[in-house]
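The model is a predicted one.

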Amino acid sequence: MNIMDMMVVDVNAEALGISKTLLMENAGKCIAQKIFEISKPCKVNIYAGTGGNGGDGFVTARYLLNHGFEVEIFLIGHPSRISSPESLKNWEVLHKLNIETNSIVLNIIEDHSQFGFSSAELVVDAILGTGTRGKIREPVSKAIDIINNSNSTVIAVDIPTGLDPQTGMVEHKAVKADFTVTFHKKKIGLKNADDEYLGDLKVCDIGIPEQAELYTGPGDLLRLNQRNINSHKGQNGNLLVLGGSKDYSGAPALAAISALRSGVDISVIACPKCVTSTIRSYSPDLIVKSLSNNYVTFDDTAKILELSKNANSMVIGCGIGREEETGLALTEMIEKINMPIVIDADALKLLNLDLIKHYRNEVILTPHKAEFKAFFGVDVPKKLDDQIDTILECSKKCKCTVLLKGSTDIISNGDKIKLNSTGNPGMTVGGTGDVLAGIVGALVAQGHEAFEAAYLGSFINGNAGDLAAEDYGYNLIASDIWKYIPKVFKRRI
């Protein structure tokens, strides 16, 4: 688990009703319990930073006091710099205890010269943890020296200060712990770190449920790529939507406009000539390129391939119809297209598994149950656990990402699984799948890898649909949903 994964899980747990305050309480209790295992009551020095790691140390102090330990805290930085509300709350508790009972010694360290010699039998490193970035600065650097030069038993909270949480490397200096207690799951850096710094490693369960990791949630919005303030047109993605036919004009427009609402800079639709004017009328923001008259044919392949050269990703299939020649043309093109593609709707009934399995770029399939059966020749089971197994196996077989749409969306790349439960019964209306395909295609065009784009798109689409239902009830239509997509993006933490 990397640091972003942990941040996401924390927010998703909070959305489930498990507060960060509770998680911090459980983390501090884990540290205290480890200390009870290795020591009788004694003098303990806790070196705490101004982030969440320090808050874990503050909670630890309370438990130690209750068990007869003598505790002294060194807060590295002024209390006004405590960035975590949960940490600040726990600091204020300790401050009140100190005033009322003098049971704990609190030191505020703003300069390395304010440190004294550590004579404690135990030291708790709650300074930076996963907040370590680059070269260590004062007064943290001095704190590390004091800890490492002491004769104390050292317990690190989550990750020893100075250890890179992503790589496990030490760029400058780091605390050399005898014990490290990390939370929920082992971080990537801890898997690669030298035992000289980690000591004995323990992974502690702090009450984060499996659902916070398995299901998408508001925390996953943290993964959305940030737009560069100096970027110009085209740098935030160019999407090509190939779709439409004499009977269907709305589907490609829904996908293309949803992509624009998802932050892509340019959204181009390549469609049959008979629906070009209709599609242009939906929005002046769309760029529409005419193909053959009624449906996609072999004669269109050269033009589509030329258009694809300017795109970062493609969405194929929205309203494209099921003409045999269209299927042959798609097969011809996919062998030559060189970019990630999202395959949706009728394209799933025109293309075959062997072709997709050998495609050299990332592929995302977005079927509902009937389309899934048409493509894979497999029925979707009724039970969720069986569905998960089936999607995992089929995505592994086709070497691509599969997003099975349903009351619970199931997303897999053959290795990992994500579930999404956003959305509502009003979204059974036609066109919501086209909106989803456009969102996913936009995320891929903006640099997200296929699996991440698929489950983020699933969450955003369902969440936008839920916001639409608040205003329209279950009488919403697909074009209502795209209006709410930017509101979901604005909820990014």
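The text below treats the chain as a whole and then its nonpolar cores.

**Overall description**

In this predicted model, the chain contains 20 helices and 16 strands. Whole-chain values are collected in the table.

| Property of the chain | Value |
|---|---|
| Span of the C-alpha trace along the principal axes | about 85 × 50 × 45 Å |
| Buried share of the 493 residues | 57% |
| Accessible surface | about 21,100 Å² |
| Share of the accessible surface on carbon and sulfur atoms | 46% |
| Separation of the mean positions of the 50 positive and 59 negative charges | 3 Å |

When contacts between residues at least 6 apart in sequence are considered, 70% of them join residues at least 24 apart.

**Nonpolar cores**

The largest nonpolar core comprises 54 residues. Within this core, the residues touching the most other members are Ile 279, Leu 286, Ile 364, Leu 443, Ile 460 and Ile 485. Two or more residues each come from the strands β8 (238–242) and β9 (266–271), and from the helices α9 (250–261), α17 (432–445), α18 (450–472), α19 (478–481) and α20 (485–490). Helix α18 gives the most, with twelve residues.

The surroundings of Leu 443 illustrate this packing. Leaving aside residues up to four places away in sequence, Leu 443 touches Leu 224, His 448, Ala 453, Leu 456, Gly 457, Ile 460 and Phe 489.

Methods: Residues numbered from 1 in each chain as written. Predicted model: local features only at pLDDT ≥ 70, side-chain atom pairs only at ≥ 80, totals over all residues. Heavy atoms only, no water. Core = buried A, V, L, I, M, F, W, Y, C linked by side-chain atoms within 4.5 Å. Buried < 20%, exposed > 50% of the residue type's maximum accessible area, 1.4 Å probe, protein only. Helix = DSSP H or I, 4+ residues; strand = E, 2+ residues; numbered from the N terminus. Contact = heavy atoms within 4.5 Å. Areas by Shrake-Rupley, 256 points an atom, 1.4 Å probe, with all protein chains shown as cover. Lys, Arg positive; Asp, Glu negative; His and termini not counted. Charge placed at Lys NZ, Arg CZ, Asp CG, Glu CD.
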